[in-house]
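Please keep the sequence and the coordinates at hand while reading.

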Amino acid sequence: MWRHPKVLVVDDDQNILSAFEDFLRKEHCSMIAASNAEEALKKIEQEDVDLLITDIRLKHQSGVTFFMHVKGMRPKLPVIVITGYPDLISEKDLKVYGAEYFFLKPLELGKLREA
């Protein structure tokens, strides 16, 4: 039986999570929200997630450390990294660490849709 793809979005900004929820619903995806890495890791263990979208700046843990941990658990899980701080890490480095895409905030929804 076919189901809507599940997307885990990790961001400590509630407005961003709400915007993603609206966008993903229109794209026929179901969204699981987490506001920090610890909460997100629990959700990954409990849910069958098809895509991870994470901010690079998270409370209590770097988004890079977080998604590298996730890649260790679920190496085939696609990861999209978003940030409003492009000077923190390069897109090249993120791809070496296993991210499929890197987008700057504010997000261009057309590019996200294509990804």
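Which residues does F103 touch, not counting residues up to four places away in sequence? The model is a predicted one, and in it F103 touches I80, V81, I82, T83, K111, L112 and A115. F103 belongs to strand β7, which covers residues 101-104. With a relative accessible area of 13%, F103 falls under the 20% cut-off and therefore counts as buried. The C-alpha atom of F103 lies 19 Å from that of S35, and 68 residues separate the two in sequence.

One of the partners of F103 is T83, a residue of strand β6 (residues 79-83). T83 is buried, at a relative accessible area of 1%. Apart from neighbours within four places in sequence, T83 is in contact with D55, I56, F102, F103, L104 and K105. The side chain of T83 also reaches the backbone nitrogen of Y85, at 2.9 Å.

The helices come next. In helix α2, residues 37-46, the buried residues include A37, A40, L41 and I44. These four cover an arc of only 100° around the axis, so they sit on the same side of α2. The background is that an α-helix has 3.6 residues a turn, so residues three or four places apart point the same way. The cover over the buried residues of α2 includes β1 (6-10), β2 (30-34), β4 (57-58), β5 (61-62) and α3. On the face of α2 turned away from the buried side are the exposed residues E38 and Q46. The N-terminal end of α2 is capped by N36, with a side-chain oxygen 3.2 Å from the backbone nitrogen of E38.

Helix α3 spans residues 63-73. Its buried residues include G63, V64, F66, F67, V70 and K71. Because they cover an arc of only 160° around the axis, they are on the same side of α3. At the start of α3, a side-chain oxygen of S62 comes to within 3.0 Å of the backbone nitrogen of V64.

M68 is also found in α3, but at 39% relative accessibility M68 counts as partly exposed. Together with V96 and Y97, M68 forms a nonpolar patch on the surface, with about 300 Å² of accessible area in total. V96 is part of helix α4 (residues 91-97) and is exposed, with a relative accessible area of 65%.

The charged pairs remain. Side chains of opposite charge can pair when their charged atoms come close. The structure holds twelve salt bridges. One of them joins the side chains of R3 and D50, at 2.8 Å from N to O. This pair links distant parts of the chain, with R3 in the segment before β1 and D50 in the loop between α2 and β3 (51-55), 47 residues apart. R3 is partly exposed at 35%, and D50 is partly exposed at 31%.

K105, one of the contacts of T83, meets D11 in a salt bridge of 3.0 Å, N to O. Here K105 is in the loop between β7 and α5 (109-114), D11 is in the loop between β1 and α1 (14-26), and the two are 94 residues apart. K105 is partly exposed, at 24%, whereas D11 is buried, at 0% relative accessibility. K111, which F103 touches, pairs with E108 through a salt bridge of 3.8 Å, N to O.

Conventions: Residues are numbered from 1 along each chain as its sequence is written. This is a predicted model: local features need pLDDT of at least 70, side-chain atom pairs count only at pLDDT 80 or more; totals for chains, interfaces and linings use all residues. Side-chain values use heavy atoms; hydrogens and water are left out. Buried means under 20% relative accessible area, exposed over 50%, partly exposed in between (1.4 Å probe, protein chains only). Contact means heavy atoms within 4.5 Å. The arc is that of the directions from the helix axis to the C-beta atoms. A polar contact is a pair of N or O atoms within 3.5 Å; within protein, one must be able to donate a hydrogen and the other to accept it, and residues adjacent in sequence count only if both atoms are side-chain atoms. Patches are made of residues with over 30% relative accessible area and no salt bridge: like charges are joined within 9 Å, nonpolar side chains (Val, Leu, Ile, Met, Phe, Trp, Tyr) within 5 Å. Accessible areas come from the Shrake-Rupley method with a 1.4 Å probe; for residues, only the protein chains shown count as cover. A salt bridge is a side-chain nitrogen of Lys or Arg within 4 Å of a carboxyl oxygen of Asp or Glu.
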